Amino acid sequence: MIGTSHDAASAWPGEAWAGAVYDGGPGSIAEARGFATRFLVDGHGFDPASETVGAVRLIVSELVTNACKYAHGPCAVDVERIPSGVVVTVWDGGTALPLARAADPGRVGRHGLEIVLALCDGFTVEREPVGKRVAVRVRCD
């Protein structure tokens with residue numbers, strides 16, 4: 001990890017947003033997943049076994065995997081608590097926009113975006129001056 005918006009998870013209780021930057025190396029995916037989990041569990045009192053935490057962990061894993069695999073460089077992850085749920089945003093330097101493929105149980109791999117879309121309530125992709133931003137909204141019940 002390159003850095004975060006806070007020095008410690010203890011700064012998060014009640015704060016609506018936190019962000020972190022990753023170098024795109026082998027540990028980035030697990031670090032980003034842990035970052036999002038700590039934000040929700042330590043900062044917002046979510047049960048670690050809740051569906052929301054599970055969905056956010058999987059979404060972060062898939063989006064950061066894609067950023068590391070296809071953008072080949074650093075990425076940033078933001079997690080925001082909103083009244084209706086959680087928004088996860090991942091920025092990377094890649095110019096190719098993600099493409100959702102039709103479901104194909106015979107296909108090996110390339111199911112990440114399919115999984116993300118199945119777990120989320122909203123999905124947007126925007127080009128940035130350098131790269132792109134993918135934002136996913138997960139509803140909390």
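In this predicted model, Val125 of strand 5 faces Val134 in strand 6. The two residues belong to a pair of antiparallel strands, strand 5 (residues 122-127) and strand 6 (residues 132-139), which are joined by 6 bridges. Together these strands form a hairpin, with 4 residues between them.

The turn of this hairpin contains Gly131, whose phi is positive, at about 90 degrees. Is Gly131 buried or exposed? A residue counts as buried when its relative accessible area is under 20%. Gly131 has a relative accessibility of 7%, and it is therefore classed as buried. Gly131 and Trp91 are 40 residues apart in sequence, yet their C-alpha atoms are 7.3 Å apart in space.

Strand 3 and strand 4 (residues 85-92) are antiparallel and pair over 8 bridges. They too form a hairpin, here with 2 residues between the strands. On strand 3 there is a further pairing, with strand 2 (residues 17-22), again in the antiparallel sense and over 6 bridges. Within that pairing, Ala18 has Val79 of strand 3 as its bridge partner. How many of the residues of strand 3 are buried? Of the 8 residues in strand 3 (residues 75-82), 6 are buried, so this strand is largely enclosed by the rest of the structure.

The next element to consider is helix 1, which covers residues 28-44. Its length can be checked by a simple calculation: at 1.5 Å a residue, its 17 residues should span 24 Å, and the C-alpha atoms at its ends are 23 Å apart, which agrees. The buried residues of helix 1 are Ser28, Ala32, Gly34, Phe35, Ala36, Thr37, Phe39, Leu40 and Gly43. After helix 1 comes Gly45, with a positive phi near 70 degrees.

Finally, the confidence of the prediction should be considered. The average pLDDT of the chain is 88, and 86% of the residues score at least 70. Over residues 6-11, however, pLDDT stays under 50, and the model has 6 contacts beyond four places in sequence for this stretch. Where pLDDT is low, the predicted coordinates should not be read in detail.

Technical notes
Residues are numbered from 1 along each chain as its sequence is written. This is a predicted model: local features need pLDDT of at least 70, side-chain atom pairs count only at pLDDT 80 or more; totals for chains, interfaces and linings use all residues. Side-chain values use heavy atoms; hydrogens and water are left out. Two strands pair if DSSP finds at least two bridges between them. The expected span of a helix is 1.5 Å times one less than its number of residues. Buried means under 20% relative accessible area, exposed over 50%, partly exposed in between (1.4 Å probe, protein chains only). pLDDT is the predictor's confidence in each residue, from 0 to 100. Contact means heavy atoms within 4.5 Å.
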